[in-house]
Amino acid sequence: MTGESLSPPARIAIVGAAVVIVLAGVRAATPILGPFLVAVFFAMITAPAMAWMTRRGVPPVIAAGTVVAGLIGVLVGAALFLGAALTQFLLSLPRYRAALEAQAAALASYGIDPGSIRIWDYIDQGTVVREVAGLARQVGSIAFDAFLVFIAIGFLLLEAPRLASGLKRHLGAESPLYRHFSQSGRLLIDYVVVRTKVNLVTGVGTGLFLYILGVEFAALWGFVAFVLSYVPYIGLVAAAIPPTLLALVGIGPAGAVTVIIAIALIDAAAENLIFPQIASQGLNLSPFVVLFSVVFWGLILGAVGVFLAIPLTIAVKLFLESWDETRWIGELMDAGDRRE
């Protein structure tokens with residue numbers, strides 16, 4: 001039976017079954033595929049720096065090593081900052097718990113049972129220390145995975161020109177698939193640049209507001225907001241929890257509500273006013289697609305899928321637009337009318 005003789009429902013059922021099988025295989029291979037996708041992502045966004053150095057006569061091996069060293073430097077700097085800030089935060093947890101317990105006890109005058117309020121369980125020093133210790137026990141595994149990722153980035157940067165020329169030769173320069181593959185690198189770079197600018201507005205705005213309001217460790221929470229904002233919608237909600245609790249302890253319920261409202265307004269301004277102005281049409285995915293992609297790729301690839309949800313969705317969108325039969329699906333993923 002040929003493909004042409006199959007009825008449309010039968011073809012849809014076969015394609016759907018194939019997609020499910022592929023996704024199941026991807027999920028099973030997450031321990032291997034996850035670090036590889038991280039390496040591919042960083043190799044693609046750092047390829048222009050590699051090309052810039054090689055055009056100026058820097059040997060490819062040295063250029064790739066310089067790029068990888070720069071990435072390691074950024075990672076180490078961020079880890080040192082977080083380590084120092086979190087250490088000070090852990091030392092302050094007993095004081096926060098005592099203040100929160102005092103506030104809960106004061107609620108007894110309003111007929112509320114203080115024993116039913118266990119908010120401080122989430123900022124208990126022992127609990128946080130145990131979580132940090134558990135993470136520390138995994139440092140060896142995390143360091144090994146990071147080592148493999150950085151090695152893979154270096155090799156991918158060295159192999160990128162050969163891979164690109166091979167694809168061009170086999171697919172053809174005018175092939176829609178090759179054109180969209182070439183475009184994916186530019187769009188990924190655009191995404192990182194645009195996302196970083198928007199996150200800077202969110203992170204700096206959050207940090208400044210918390211500092212003015214008098215919430216402790218404002219720089220730490222601003223940095224956390226900057227990093228977690230790479231995860232649309234969900235990330236900033238998680239980043240807002242610690243400063244909201246600290247505002248509740250240090251200022252009271254009004255302070256906590258003020259923090260929630262301020263962070264929501266800062267994020268709304270960044271996402272709805274700034275992002276559309278600087279994002280190209282290829283990056284301007286519909287809000288539903290963005291939220292669905294975070295949940296979908298998170299279920300398939302775990303934490304790696306959450307952080308790479310938008311780049312992976314952009315790649316799928318470009319892939320769908322490479323064929324006439326599926327181009328309409330890619331166009332439906334846009335946030336608005338396609339620019340001509």
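Start with the transmembrane annotation: UniProt, in an unreviewed entry, lists residues 12-30, 36-54, 61-86, 139-158, 218-238, 245-266 and 286-310 as "transmembrane region"; such annotations may be inferred rather than shown by experiment. The model is predicted, with local features needing pLDDT of at least 70 and side-chain atom pairs pLDDT 80 or more, while totals for chains, interfaces and linings use all residues. Residues are numbered from 1 along each chain as its sequence is written, and side-chain values use heavy atoms, without hydrogens or water.

Select 245-266: this span is 91% helix and 0% strand, with end C-alpha atoms 19 Å apart. Next take 286-310, which is 88% helix and 0% strand, its end C-alpha atoms lying 11 Å apart. Helices here are DSSP runs (H or I, at least four residues; strands are E, at least two), numbered from the N terminus.

Now show H10 (287-301) and H12 (309-320). Their axes, lines fitted to C-alpha atoms over the stretch in contact, with angles from 0 to 180 degrees between N-to-C directions, come within 9 Å and cross at roughly 105 degrees. H10 is therefore roughly perpendicular to H12 (65 to 115 degrees). Contact residues (heavy atoms within 4.5 Å) include Trp297 and Leu301 of H10 and Leu312 and Val316 of H12.

Finally, select Ile153, Leu157, Leu285, Leu301 and Ile314, which touch the most other members of the 38-residue largest nonpolar core. Such a core joins buried Ala, Val, Leu, Ile, Met, Phe, Trp, Tyr and Cys residues through side-chain atoms within 4.5 Å; buried means under 20% relative accessible area (1.4 Å probe, protein chains only). H2 gives the largest share, eight residues.

How values were computed: Buried < 20%, exposed > 50% of the residue type's maximum accessible area, 1.4 Å probe, protein only. Parallel < 35°, antiparallel > 145°, perpendicular 65-115°, else oblique.
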